[in-house]
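Hi,

Here is the structure I said I'd pass on.

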Amino acid sequence: MDWISMADVEARVNALESLMVEKGLAEHEAVDAVVASFENDMGPVNGAKVVARAWTDPQYREWLLSDATAAIADMGFTGLQTEHMVAVENTPERHNVVVCTLCSCYPWTLLGIPPAWFKYPQYRARVVKEPRSVLSEFGVTLADDVKIDVWDSSAEIRYLVIPQRPAGTEGLTADELVPLISRDSMVGTALVTSSAGS
């Protein structure tokens with residue numbers, strides 16, 4: 001998806017930060033500390049740990065599918081929009097993708113800072129109406145007989161996609177699986193392959 005360039009986003013962020021510092025609303029050090037917290041204490045690696053455990057522990061997988069909030073909290077991942085979670089599972093017959101049609105509700109603790117495209121009106125409108133086309137723009141081509149479910153996050157509920165475990169990874173441990181699982185695969189806009197994702 002290339003609705004806006006990263007250079008434009010970075011320029012806007014830098015301008016906003018400079019304005020906040022100039023107005024005395026923030027300090028560069030405080031902004032850096034918040035960014036470091038998002039990079040180190042929360043983010044896609046947390047969600048990947050949940051998915052990898054579900055892939056390797058059938059009992060945990062069932063718990064995650066029946067009560068995601070409790071199963072995720074059991075791993076120590078709480079707060080920042082993980083209070084009311086639902087896990088949905090991709091299978092050979094069904095593919096799940098997440099959107100927030102009203103704004104950008106998103107489980108920050110599990111997936112980190114939402115990608116810019118998740119907030120774009122184009123994504124929010126189109127993925128509901130034409131999910132197969134939007135997914136193909138992300139590089140996800142699904143067979144015609146694969147059903148696509150679109151889940152709309154809200155202030156009351158947020159979703160985590162459990163992507164399909166790739167073939168050839170049966171002998172890997174949960175720790176070895178974590179690097180394969182990307183943020184986008186847990187939103188449903190990417191597939192997991194047996195080589196490390198981004």
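**Salt bridges, a cavity and a buried threonine**

Glutamate 137 is partly exposed, with 41% relative accessible area (buried is under 20%, exposed over 50%, partly exposed in between, using a 1.4 Å probe and protein chains only). Before you go further: this is a predicted model, where local features need pLDDT of at least 70, side-chain atom pairs count only at pLDDT 80 or more, and totals for chains, interfaces and linings use all residues. Residues are numbered from 1 along each chain as its sequence is written, and side-chain values use heavy atoms, with hydrogens and water left out.

Back to glutamate 137, which forms a salt bridge with arginine 126, the closest N and O atoms being 2.6 Å apart (a salt bridge is a side-chain nitrogen of Lys or Arg within 4 Å of a carboxyl oxygen of Asp or Glu). Arginine 126 sits in helix H8 (residues 121-129) and glutamate 137 in helix H9 (residues 131-137), so the pair ties together parts 11 residues apart in sequence. Helices here are DSSP runs of H or I with at least four residues, numbered from the N terminus. Arginine 126 is partly exposed too, at 21%.

By this rule there are nine salt bridges. Another one joins arginine 53 and aspartate 74, at 3.4 Å from N to O. Since arginine 53 is in helix H3 (residues 44-56) and aspartate 74 in helix H5 (residues 68-74), this pair ties together parts 21 residues apart in sequence. Lysine 147 and aspartate 149 also meet in a salt bridge, 2.8 Å from N to O; here aspartate 149 is buried at 14%, while lysine 147 is partly exposed at 43%. Shared partners link Arg53, Asp57 and Asp74 into one salt-bridge network.

The largest cavity holds about 40 Å³ of space, volume being the space filled by probe spheres set on the points. Its lining includes Val98, Tyr106, Phe118 and Met186, and the lining residues split into nine nonpolar, one polar and no charged.

Last one: threonine 109, in helix H6 (residues 108-111), is buried at 7% relative accessibility. Its side chain reaches the backbone oxygen of threonine 78 at 3.5 Å.

Cheers

Note on methods. On a 1 Å grid over the protein atoms alone, a cavity is a set of points where a 1.4 Å probe fits but cannot get out, and a pocket is an open set with protein on both sides within 12 Å along at least five of seven lines; lining residues have an atom within 4 Å of a point. Ala, Val, Leu, Ile, Met, Phe, Trp, Tyr, Cys and Pro count as nonpolar, Asp, Glu, Lys and Arg as charged, and the others, Gly among them, as polar. Helices (H or I, at least four residues) and strands (E, at least two) are DSSP runs, numbered from the N terminus. A polar contact is a pair of N or O atoms within 3.5 Å; within protein, one must be able to donate a hydrogen and the other to accept it, and residues adjacent in sequence count only if both atoms are side-chain atoms.
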